[in-house]
Amino acid sequence: MIQAVTTPEQQAEYRRRISGKPYFEAVLGTHLALFGAHPASGWMFYLLPGTAVLELRGGSGALCGNLPEDADTHDELQGFLQFLHIDRLRCEHPLPMAYQTAWQPGEPLTLWTAPRGRALSLPAPPPAELTLDTAPSMLPVSRLVFAENEAEADEFYSTACTALAHGYGACRALLHHGQPVCTVGCYEQSDREAYMAAGVTAPDWRGRGLAGWLIVTLANELAAQKEVCFLCLPHLCGFYQQLGFVQIGDIQQYTTDWNMK
């Protein structure tokens, strides 16, 4: 049975199920802490049969843990996701075969880590004309991260500001004449893990090593106390391997079109 996470006991069980799961512990745990008591935020959290949990927002979901492969669980979850029109899923494991008639696998995201206590070699520093801002204004940062989508920029701005205001991370940016041209941040973390995301360089500044230097700088800060992890698309694996990060697995991605079913 699918259970909405509403009570302290259910929240504790949700956290227990994601504990020790790279990416999911930091990301889902932070979202639960920030938005679990605020249904109007748009975030929804569920306990599923087996050991699985589900986070939903908009048309996207994150599924962590193992599902039973019985027909009742399949029918309930499929109907639930279709009713809410969830058409994108990130999953810890490949979906059971029964689901794969409705869900198409996408390109997996590669999961990387910088182990706690390990400092990576710092690449060459950025040009002197750029300055490092360790607490940049998030409005221009959000416009850099989602330069082509104002709605996503606004959503990122709201979520990132909420996380930063509650002590869940940090943002770093390289500025040119006061405007960010490269950024990376940590907006989700647990007691053991920090998740890095939103690493972007403005088009005119790419190819100068800015991202590598800024990513390693923040990763080393975070890894002094926690395990650091992040996701990337496969074509970027060589870049992160060269920086010294360690690949530890994949996160599965699936899409569907309920209108075609």
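Let's start at L233, which sits in the loop between β12 (227–232) and α7 (237–243); helices (H or I, at least four residues) and strands (E, at least two) are DSSP runs, numbered from the N terminus. The model is a predicted one, where local features need pLDDT of at least 70, side-chain atom pairs count only at pLDDT 80 or more, and totals for chains, interfaces and linings use all residues. Residues are numbered from 1 along each chain as its sequence is written, and side-chain values use heavy atoms, leaving out hydrogens and water.

L233 is partly exposed because its relative accessibility is 33%; buried means under 20% relative accessible area, exposed over 50%, and partly exposed in between (1.4 Å probe, protein chains only).

Further along the tour is P123, placed in the loop between β7 (109–114) and β8 (131–133). With a relative accessible area of 24%, P123 is partly exposed.

Now look for the second largest pocket. A pocket is an open set of points on a 1 Å grid over the protein atoms alone, where a 1.4 Å probe fits, with protein on both sides within 12 Å along at least five of seven lines; lining residues have an atom within 4 Å of a point. Of the 13 lining residues here, R15, E25, G29, S190 and D191 are the closest to the centre. Two or more residues each come from α1 (8–18) and α2 (24–35), and α2 gives the largest share, four residues.
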